[in-house]
Amino acid sequence: YSWKANEQLKNKSAASRVIFTMDSDGSKRVFSEPTALTGSGSGLSQAQITALLAGYPISSSEANKLPYVKALVNYLRGDTTYEDESTTVPGLDSSFRTRNGPLGDNVHSTPVYGVSAGDSKKFVIFGANDGMVHVLNATNGQELFAYIPSTSYQNLYSLASKSFSHKYFVDGTIKVVNVPDGANTRTIAV
């Protein structure tokens, strides 16, 4: 195949990406722009929002917290609006860190090829140091979805910092297996 994952993600709008996450209590959620700092039932939880606020300056206005978290979530989803040096992130005196694209590096997580047991879709899955596991269509490189584990939240905010220092996030080995589920078979990654 002749596609590059980072180029495919650059060409996909941040708003159209499907990114799932799980809270530390095991509840499944969607990584999306929050509407309140208290969280929601299906979007980010209050604990996840609090973790994202770890990079918010103490001296900044309380009124800018929600706009800051929205900007950070959109940045992590791939939006480049606040990477422009001429923009100022709400609550900060600067823009976010400029990236080469939304996809983090993958140092130790080798991409794994798989075929979904349910619909025979070919996919590639790998972890990256953007805090996400990415699942791509193996044929065209389009991201099918991404997943942010709860363990990524403690440092996720740092990805946008201009003083960013490389951290390993989701950078381990992934194994794809088919498991029986009643009369069906499901494909899972561990």
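Predicted model: local features only at pLDDT ≥ 70, side-chain atom pairs only at ≥ 80, totals over all residues.
The largest pocket has a volume of about 520 Å³. Its lining comprises 19 residues, and those closest to the centre of the pocket are Ile125, Phe145, Thr187, Ile188 and Ala189. Two or more lining residues are contributed by each of the strands S4 (122-127), S5 (133-137), S6 (143-148) and S8 (184-189), and of these elements S8 gives the most, with 4 residues. When the lining of the largest pocket is divided by class, 12 residues are nonpolar, 2 are polar and 5 are charged.

The second largest pocket has a volume of about 270 Å³. A total of 18 residues line this second pocket, with Arg97, Gly101, Leu103, Gly104 and Asp105 lying nearest its centre. By class, the lining of the second largest pocket consists of 7 nonpolar, 7 polar and 4 charged residues.

Phe145, which belongs to strand S6 and is among the residues closest to the centre of the largest pocket, also takes part in a nonpolar patch on the surface. Phe145 itself counts as partly exposed, because its relative accessibility is 33%, a value that lies between the limits of 20% for buried and 50% for exposed residues.

Side chains of opposite charge can pair when their charged atoms come close, and the structure holds 7 salt bridges. One of them joins the side chains of Arg17 and Glu143, with an N to O distance of 2.7 Å. This pair links distant parts of the chain, since Arg17 lies in the loop between helix H1 (5-10) and strand S1 (19-22), whereas Glu143 lies in strand S6, 126 residues apart. Arg17 counts as buried because its relative accessibility is 4%, and Glu143, at 5%, likewise counts as buried.

A further salt bridge is formed by Glu85 and Lys162, whose closest N and O atoms are 2.8 Å apart. Here too distant parts of the chain are linked, with Glu85 in the loop between helix H3 (65-77) and strand S3 (112-115) and Lys162 in the loop between helix H4 (153-156) and strand S7 (176-181), 77 residues apart. Glu85 counts as exposed at 56% relative accessibility, while Lys162 counts as partly exposed at 42%.

Asp181 and Arg186 also meet through their side chains in a salt bridge, at 3.6 Å from N to O. Asp181 is partly exposed, with a relative accessible area of 38%, and Arg186 is partly exposed, with 46%.

Conventions: Residues numbered from 1 in each chain as written. Heavy atoms only, no water. 1 Å grid on protein atoms, 1.4 Å probe; cavity = no way out; pocket = protein on both sides within 12 Å on 5 of 7 lines; lining within 4 Å. Points joined across faces, edges and corners; volume = space filled by probe spheres on them. Nonpolar A, V, L, I, M, F, W, Y, C, P; charged D, E, K, R; others polar. Patch = residues over 30% accessible without salt bridge, like charges linked within 9 Å, V, L, I, M, F, W, Y side chains within 5 Å. Areas by Shrake-Rupley, 256 points an atom, 1.4 Å probe, with all protein chains shown as cover. Salt bridge = Lys/Arg side-chain N within 4 Å of Asp/Glu carboxyl O. Buried < 20%, exposed > 50% of the residue type's maximum accessible area, 1.4 Å probe, protein only.
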